[in-house]
Amino acid sequence: MNHTHPQHGQRELGKPLRSGRKLLGLAGIIFCLLLTVAHASAAEKILRVLLTTPEGVLDPAVATDVTTVSLNENIFEAPLSYEYLARPLKLQANTAQAMPEISADGKTYILRFRSGIHFTPDPVFQGRPRELTAADYAYSLRRLYDPSLKSPWLFMFEGKLVGDEKWRAKQFVNGKKFANAPDIAGIQVLDRYTLQLRLNAPDSNFLYILATNAVSALAREVVEQYGSDVGNHPVGTGPYRLSEWQRSYRLVLQANPDYRRVVFAETAAPGDTLKQAIATDLAGKTLPRIQQIRISIVEEPQTRVLSFLEGQFDYLEQVPPLLSDMVMKQGKLLPRVQQQGIRLALFPTLQTYYMWMNMEDPVIGGYTAEKIALRRAIALSYDSQQDIELSEKGLALAAQSPLPPNVLGYDAGFRSPLRHDLVLANALLDHFGYTRAADHYRRLPDGRPLELLMHTQASTTGRLRDEVWRKNFSALGLRVRFKSDKMSEILRAARLGKVQMTEANWIADFPDGENFYQLLYGGNIGRANYAHFNLPAFNQRYEQAAKMSDTPERRELYRQMALLVHGYNPWVLRLHPLSADLTQPWLKNYLRHPVNFTAWRYLELDPVTVPPPTASTTR
């Protein structure tokens, strides 16, 4: 179990408490600690949060993991953003003055940016204010095409922008580095604050794309100064700047003193008391509200829950399901937790959990019948209902397709043609020549030994997941070895095709099915398509669907794509989680957003009196 070092006014995290009775015995101490920490943090406007995995490089063009994007969306800014309260989701202008002007044919977008926005200070600017301009966005969009970055976000533009085909897969142009190449024709700076983007065809998701953190502006001179190390020198225009960084342990964000004046002006629909309260509290106030955010990396699930209950963090998102009985039962908080003033919200995330297999791996990959049979058998060995009951404590839905509920294109009536069936799985392996040796483990059809390698996270959760898959593989007579590593290292190896299989999850960058199916598109191999799935029938449907809005015709294409995924099994679909989120009584204005990972700029701290536990409190 990992522990953080004691901070000022805090004790060491992660000391295990052996029972609910022990927790109750500490109720008075916890009560005092809650009040002390609450009042101190509110006075200083310090938000204390935890993230569950180590951060990667703070570069919007390459970051895909939740931790890193959570940081980036507070440091860097896209042209558009989402309103905080609106459901269904609603886009709004961010660094742009207003929503883009779109031509009648849907292929030309004009963005006019606000003047007077500045990047946070950096030595490269030599002490002079550096204003954000349209050229910064043009440069940052073009930078996604740099093959040395292998940006997983290139799929959002590749083949869509007029004239981009001549820049793809080129690192040098006229002897100069790619970053210095001439503009792509579809990206034109019209004046200091005006950018024109031209598409080859209309794209119903393009406005969503302009709100993703991946299209945030970087200053060209910062990138050129720091080169491949630019992700360790984040310089953006967002509401916060990085002021302290102890890698994989602790980060501090400080409110950007030069942040433009942003005044909250959203309203809430009648009848939604939570959103109305937030709208009332924030009305007319400037953002961000919190001056400092102290971020701890806490990988061990038990440590997260215990440290939250001890008041060391202001909220806890996605209570680890295996530990949910520490705080809740049958979807409600335990009485002793309620008496601390802690609040619970159940949030359906736009998220899919799955296990992917490398389609280019010599053992498990390939499109021949015997390779499909091996992956199909593995898929049939997975019991989603048992996994949800035991591992997720009921806080999840079984995934029928790659699309979670509430994204455009989701079909509530679609059902996977695959069901947990060990008899059928073993029969498939027998039929296609995966015979058992004297040790009862199967061999390849050519008689060679068969051993699988699964990458897993080096954490308690990772070890628990190892046991789930060990059981599945054992039921098939498949020998498996597990290799533990940090998620950032697993993703780095996966992009290079050096991971045979691993569990993963995807959270929507924008609320459309395209954002999930692009993970299986052949054109994204080496980027977001870690499974290296490259099936012409799938690619053709993906490309056709990408040109369409949410219509019955596109939903039919999505249905066919889901069937192809189940037919070739590059993924074993697992579940869509239901997030149990906890907030301390002094935290105000907290609301999970379906797409944005953080609400830090909207949050307030308000000390309250927590009622003391009573003698009758029980589990």
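Colleague: Hi! Where does Pro88 lie?

Modeller: Hello! In this predicted model, Pro88 lies in the loop that runs between strand 2 (80–82) and strand 3 (91–93).

Colleague: And what kind of peptide bond joins Arg87 and Pro88?

Modeller: A cis one, with omega at about 5°. For context, most peptide bonds are trans.

Colleague: OK, what about Leu287 and Pro288, what joins those two?

Modeller: Again a cis peptide bond, and there omega is about 0°. Pro288 sits in the loop between strand 13 (286–287) and strand 14.

Colleague: Strand 14, then. How many bridges join strand 1 to strand 14, and do they run parallel or antiparallel?

Modeller: Six bridges join them, and the two strands run parallel. Strand 14 covers residues 292–297.

Colleague: Is strand 1 buried or exposed?

Modeller: Buried. Six of the six residues of strand 1 (residues 46–51) are buried, so the strand is largely enclosed by the rest of the structure. Both of its faces are covered: one side has Ile46, Arg48 and Leu50, the other has Leu47, Val49 and Leu51, and all are buried.

Colleague: Nice. Now helix 8: how many of its residues are buried?

Modeller: Eight of the nine residues in helix 8 (residues 301–309) are buried, so that helix is largely enclosed by the rest of the structure as well. The buried ones are Pro301, Thr303, Arg304, Val305, Leu306, Ser307, Phe308 and Leu309.

Colleague: And what comes after helix 8?

Modeller: Gly311 follows helix 8, and its phi is positive, near 85°.

Colleague: That one is a glycine. What is the phi of Asn569, and of Asn589?

Modeller: Phi of Asn569 is near 55°, a positive value in a residue other than glycine. Asn589 also has a positive phi, near 75°. Most residues other than glycine have a negative phi.

Colleague: Where do they lie, starting with Asn569 and then Asn589?

Modeller: Asn569 is in the loop between helix 17 (552–568) and strand 24 (571–583). Asn589 is in the loop between strand 25 (587–588) and strand 26 (604–605).

Colleague: Why does Asn569 count as buried? And why does Asn589?

Modeller: The cut-off is under 20% relative accessible area. Asn569 counts as buried because its relative accessibility is 1%, and Asn589 does because its value is 9%.

Colleague: Switching topic: how many aromatic pairs does a search of the whole structure find?

Modeller: The search finds 22 aromatic pairs. One of them is Tyr82 with Tyr208: the ring centres are 6.4 Å apart and the planes are at 20°, so the pair is stacked. Tyr82 belongs to strand 2 and Tyr208 to helix 5 (residues 206–209), so the pair ties together parts that are 126 residues apart in sequence. Both Tyr82 and Tyr208 are buried.

Colleague: What about Phe264 and Tyr602, stacked or edge-to-face?

Modeller: Edge-to-face, at 6.0 Å centre to centre with 80° between the planes. Phe264 is in the loop between strand 12 (262–263) and helix 7 (273–282), and Tyr602 is in the loop between strand 25 and strand 26, so this pair ties together parts 338 residues apart in sequence. Phe264 is buried, with a relative accessible area of 4%, and Tyr602 is buried too, at 9%.

Colleague: Which residues do ring pairs link into a cluster?

Modeller: Tyr367, Tyr517, Phe533, Phe538, Tyr558 and Tyr568.

Colleague: Last one: what lies over the face of Tyr441?

Modeller: Arg479 does, at 4.0 Å from the ring centre.

Definitions and conventions: Residues are numbered from 1 along each chain as its sequence is written. This is a predicted model: local features need pLDDT of at least 70, side-chain atom pairs count only at pLDDT 80 or more; totals for chains, interfaces and linings use all residues. Side-chain values use heavy atoms; hydrogens and water are left out. Buried means under 20% relative accessible area, exposed over 50%, partly exposed in between (1.4 Å probe, protein chains only). Helices (H or I, at least four residues) and strands (E, at least two) are DSSP runs, numbered from the N terminus. Two strands pair if DSSP finds at least two bridges between them. Rings of Phe, Tyr and Trp (its six-membered ring) pair if their centres lie within 6.5 Å; planes under 30 degrees apart count as stacked, over 60 as edge-to-face and the rest as tilted. A charge sits over a ring if NZ of Lys or CZ of Arg is within 6 Å of the ring centre and within 35 degrees of the ring normal.
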